[in-house]
Amino acid sequence: MTDRIVGILILLLALGYGLEASRMQVGFLSDPLGPRPFPYIIATLVGLSALWLIFKPDPNPTWPAPRFWPVLGLVLLSLVAYAYLVVPLGFILTTTLEMTLLSLLFGARWWQGLLGALAFTLAVYFLFTEGLGVTLPVGRIFG
C-alpha cells in the first residue's frame with residue numbers, strides 16, 4: 001500500500017511539474033528545439049515511474065530504520081537549500097558544498113568528499129558550458 005501512496009504523490013508531482021513546464025516562456029532567439037522539451041521529458045519519465053509504483057507495487061516494501069530518518073531529512077533539506085542557493089552563490093560553489101555534505105552524510109572523510117565533489121562539479125560545469133553551450137549561474141556574489 002505504501003508504494004501506491006508514494007506513486008500517487010509522485011504522479012501528482014509529475015503532473016504539477018508538467019503544468020509548470022507548459023507555462024515556461026522561451027525567447028525567440030533560442031535554437032529551434034530549445035529548452036522546452038526537457039521538462040516535458042522529465043515529467044513524462046517521472047509520471048511513468050509513478051504509474052509503475054501504482055500498478056506494480058512491491059508486495060513487501062521495507063522502510064529505512066528510524067535511525068536513518070534524520071539523515072534522510074537532512075538530505076532533503078540540503079537539496080531544497082541547494083535549489084535556493086545555486087543562483088546567488090553560483091553552480092560551482094553550491095554544487096561543491098552540496099556534494100561534500102552528501103558525501104559526509106554517507107560516510108566519506110571530509111577531504112575525500114571535498115575533492116570528489118570539486119572534481120565532479122568542475123567536470124559537469126565544463127561539460128555543460130563548453131561541451132553543450134549551456135550557461136550555468138556563476139553567482140551574484142561573484143558578479
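User: What should I know before reading the model?

Analyst: The model is predicted, so local features need pLDDT of at least 70, side-chain atom pairs count only at pLDDT 80 or more, and totals for chains, interfaces and linings use all residues. Residues are numbered from 1 along each chain as its sequence is written, and side-chain values use heavy atoms, with hydrogens and water left out.

User: At what angle do α1 and α2 pack?

Analyst: Helices are DSSP runs (H or I, at least four residues), numbered from the N terminus. Axes are lines fitted to C-alpha atoms over the stretch in contact, and angles run from 0 to 180 degrees between N-to-C directions. Here α1 (residues 2-22) and α2 (residues 37-55) pack at about 165 degrees, with axes 8 Å apart. Angles under 35 degrees count as roughly parallel, over 145 as roughly antiparallel, 65 to 115 as roughly perpendicular and the rest as oblique. α1 and α2 are therefore roughly antiparallel.

User: Which residues of α1 and α2 meet?

Analyst: Contact means heavy atoms within 4.5 Å. In α1, they include Ile8, Leu11 and Tyr17. In α2, they include Ile42, Val46 and Leu53. Now sort by class: Ala, Val, Leu, Ile, Met, Phe, Trp, Tyr, Cys and Pro count as nonpolar, Asp, Glu, Lys and Arg as charged, and the others, Gly among them, as polar. The contact of α1 with α2 has 16 nonpolar, four polar and two charged residues.

User: How do α4 and α5 pack, and is their crossing left-handed or right-handed?

Analyst: α4 and α5 (residues 110-131) pack at about 140 degrees, their axes 8 Å apart. That makes α4 oblique to α5. A crossing is left-handed if the near helix is turned anticlockwise from the far one by less than a right angle, and right-handed if clockwise. The crossing of α4 and α5 is right-handed. Their contact includes Met99 of α4 and Phe120 of α5. By class, it has 12 nonpolar, six polar and no charged residues.

User: Which residues line the largest pocket?

Analyst: Lining residues have an atom within 4 Å of a point. Phe91, Phe128, Val134, Thr135 and Leu136 line the largest pocket. By class, four are nonpolar, one is polar and none is charged.

User: Which residues line the second largest pocket?

Analyst: Trp63, Leu72 and Leu76 line the second largest pocket.

How values were computed:
Helices (H or I, at least four residues) and strands (E, at least two) are DSSP runs, numbered from the N terminus. On a 1 Å grid over the protein atoms alone, a cavity is a set of points where a 1.4 Å probe fits but cannot get out, and a pocket is an open set with protein on both sides within 12 Å along at least five of seven lines; lining residues have an atom within 4 Å of a point.
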